[in-house]
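Here is a friendly walk through one structural model. Have a look at the sequence and the coordinates before reading on.

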Amino acid sequence: MSDPACWFRTGTGCARQILIIEPLFEEANRTRRMIAQMMRMLEAQGIGATIVDLPGTGESLTGVADVRLTDWAVAVGSAIAATGASRIAAFRGGSLLGGGDVPTWRFAPETGGRIVRDLRRVRASGRSETYAGHVLTDAFLADLEAAPIPVPAKVRTVRLSADAAPADAKVDGAPLWRRAEPGEDAALSKALAADLAQWIDRCAAL
Amino acid sequence: MSGETVDVDACIRSVLVDILGISRERAASFDDDTGLFGTLPELDSMAVASLLTEIEDRLGIMIDDDDVDGEMLETFGRLKDFARAKVAG
């Protein structure tokens, strides 16, 4: 597990805590601002949030070439225990982790197969040996390709309006994770934070 | 587009706006001869990967990477023709 002192956290004093699992690889960089905006909005509503550092990414000191997908599932479990989070908010490929008994809200979940396809396409277009700068092993990619999206006992799925896949709710906005210069979409961050906060409230009431 | 169940034209314009971050007005001004790859500075090789994946998602099609070449991305009209052929199966 990475050093908890390095984790990006907001609202550490709040009674309610959630764990955030970001999109994978380059998509995490492109959505970091959106997620940070959401975390601050949640904090204003009394909900603390922590971004889990997956081994080989973020502030982790492990090389991503040494990582298997099971290491990420372990990291998520450890971070839930360490932060006392009672809910997970997972984005895109982050939805492949977690699951189990922890109620999960997810935004634009993506299958492992499609993520791997995307990574291979990016590598081919960049004429590079790496996957947009990430050194990924065939074993890791095979893990990812075969990983099913878990079905937690309680789950809410939100997608963009333009996304044809089924969802519990749809929000307007652009897929920032596919933009080279994503900038920000404050309206999207606000809509997502509001949906997530309402869901957390509803779950607590059940 | 009459007779088209999916509006491929509108879909590709909105993907260009969302992925490349260009304005709606600019995308609306594109005609079939408007140059894309090699003309639009926003559309570099990394952006091509994102563009194709997003078009796949929105139109529910699969694009074989062997089909992707400079020609099908040369103009707005060619990209539309390519996508329409995929939608038609």
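The report below covers a sheet, its helices, a helix pair and the chain contact.

This is a predicted model, in which local features need pLDDT of at least 70, side-chain atom pairs count only at pLDDT 80 or more, and totals for chains, interfaces and linings use all residues. Residues are numbered from 1 along each chain as its sequence is written, with chains lettered from A in the order in which they are written.

Chain A holds an open sheet of seven strands, ordered β1-β3-β2-β4-β5-β6-β7 with mixed pairing. Strands are DSSP runs of E with at least two residues, and helices are runs of H or I with at least four; two strands pair if DSSP finds at least two bridges between them. β1 (8-10) and β7 (169-171) of chain A stand at the edges with a single partner strand each, so one side of each lacks a neighbour in the sheet. β1(A) runs antiparallel to β3(A) (residues 47-51), joined by three bridges.

| Helix | Strand | Angle |
|---|---|---|
| α1(A), residues 26-44 | β3(A) | about 155 degrees |
| α2(A), residues 69-83 | β2(A) | about 160 degrees |

In chain B, the axes of α1(B) (residues 8-20) and α3(B) (residues 45-59) come within 10 Å and cross at roughly 140 degrees.

The contact between the chains takes 16 residues from chain A and 17 residues from chain B, where contact means C-beta atoms, placed from the backbone, within 7 Å.

Terms used. Axes fitted to C-alpha atoms, helices over the stretch in contact; angles between N-to-C directions. Contact = placed C-beta atoms within 7 Å.
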